[in-house]
Amino acid sequence: MTKRSFLFLLSALCLSLSAFVAKGQTPQVNAKLDPPKILIGEETTLEVRVSHPKGTHVELTLPADTLVTGVEIKGISLSDSTTITETLQEYTYHVTLTAFDSASYELHNIVAMVGGDIYRAQSAPILIVNTVPVDVDHPEKFAGLKGQWQPDFVWKDYIGVFFALLAFVLLCIAAYVLWKKYAHRPKKEDSEAPLPESLRDPYEEAIEGMNELKSSGLIEDNRVKDYYTGMTDILRRFIHRVYGIDTSEKTSSEILEAFRALGDRESELSRDLRRILETADFAKFAKYAPTQDENIGLWQVSLGFVEEVQKEKAGVSDEAESEKGGGSDV
């Protein structure tokens, strides 16, 4: 062998050795199924082995929940790490898969990232999913329907109902005791009954009400409806107490008609009362806005009405006393 031939052979051997070493350090991804055949709804394990140089970052990058259409991923775990050589290491991943449609699935989305580069599995495993076999020729093998299942009695399940019934019984007893205690109590004496309608003089009560209405500030606050409601309430109560007219359920026109029936229908008192009630109704129900002068003027008319009624009543009383005194002289 010549020297030139020897050098050529040595170079070829070195190149082959270098290629073998480089291939041994190139990351590889291998995958297999165990078992490769399952029934619908069963689970299988996809074993993924990733060999890589030591010190490089490895990550199995699979889809979030579906490996391929129809095959679902239920879990991923790193189950083992093995040192192959001083410079080469292997990670083993276990991926739990399941499927619910009968078909044959090629699992081609098996990818790992090694040191920032993406590597795919060298071969795509085939998953075969079958339906549950049914022997239609021998129906007697199928079990019949089971009878109704009766659960065992557990007293703790009914403790809430027991305490609810107990509370109801105690409540009934308490209600009966209270009824027995208070149902036959003697009634209070008549002296403890609430006092009848105010015993104050109607005139004094009306004058005080009118003065309070004037100082209430309702006009200043532009609360016209409340102002006239208060004014008519004072006059309604005054007329009821002086003349005995039931004004609580009557309209303004009915009150005026009842007042006129007591004497002269066209007296000045009747005209004043008509003016007061009509203006108040307009302000309360027709959104009429009287002027400030009208508000003050109507208050004075109302006050004058009370004064005139009081004078009339006082005059009648004086005449009655005179007649009574004259009769006794006879």
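Visitor: What makes a residue part of the lining of the second largest pocket, and which residues line the second largest pocket?
Guide: A lining residue has an atom within 4 Å of a point of the pocket. In this predicted model, Leu213, Lys214, Ser216, Gly217, Leu218, Ile219, Glu220, Tyr227, Gln292, Asn295, Ile296 and Trp299 line the second largest pocket. Its volume is about 160 Å³.

Visitor: Which helices supply at least two residues each to that lining?
Guide: Helix H3 (202-214) and helix H7 (292-329) do. H7 gives the most, with four residues.

Visitor: How do the residues of that lining divide into nonpolar, polar and charged?
Guide: Six are nonpolar, four polar and two charged. Gly counts as polar, so Gly217 of the lining falls in the polar group.

Visitor: How do you know that H4 and H6 are in contact?
Guide: Contact requires heavy atoms within 4.5 Å. The axes of helix H4 (residues 224-243) and helix H6 (residues 268-285) come within 9 Å and cross at roughly 145°. On H4, the contact is made by Val224, Lys225, Tyr228, Thr229, Met231, Thr232, Leu235 and Ile239. On H6, the contact residues are Leu273, Ile276, Leu277, Thr279, Ala280, Ala283 and Lys284. They divide into 10 nonpolar, three polar and two charged. H4 passes H6 in a left-handed crossing.

Visitor: Why do E2 and E8 count as edges of their sheet?
Guide: The sheet is open, and its three strands follow the order E2-E11-E8. Strand E2 (37-39) and strand E8 (103-106) each have a single partner strand, so one side of each lacks a neighbour in the sheet. The pairing is mixed. The twist averages 25° from one strand to the next.

Visitor: What makes E2 and E11 a pair?
Guide: Pairing needs at least two bridges. E2 and strand E11 (residues 126-130) have three, so they pair. They run parallel. Ile38 stands opposite Val129 in E11.

Visitor: How do you know that E9 pairs with E4 and with E10?
Guide: The threshold is again at least two bridges. Three bridges join strand E4 (residues 58-60) to strand E9 (residues 111-114), and the two run antiparallel. Glu59 stands opposite Met113 in E9. Four bridges join E9 to strand E10 (residues 117-120), also antiparallel. Here Val114 has Asp117 as its bridge partner in E10. Both counts meet the threshold, so E9 pairs with E4 and with E10.

Visitor: What lies between E9 and E10 in their hairpin?
Guide: Two residues separate the strands. Gly115 in the turn has a positive phi of about 60°.

Methods: Residues are numbered from 1 along each chain as its sequence is written. This is a predicted model: local features need pLDDT of at least 70, side-chain atom pairs count only at pLDDT 80 or more; totals for chains, interfaces and linings use all residues. Side-chain values use heavy atoms; hydrogens and water are left out. Axes are lines fitted to C-alpha atoms, for helices over the stretch in contact, and angles run from 0 to 180 degrees between N-to-C directions. A crossing is left-handed if the near helix is turned anticlockwise from the far one by less than a right angle, and right-handed if clockwise. On a 1 Å grid over the protein atoms alone, a cavity is a set of points where a 1.4 Å probe fits but cannot get out, and a pocket is an open set with protein on both sides within 12 Å along at least five of seven lines; lining residues have an atom within 4 Å of a point. Grid points are joined across faces, edges and corners, and a volume is the space filled by probe spheres set on the points.
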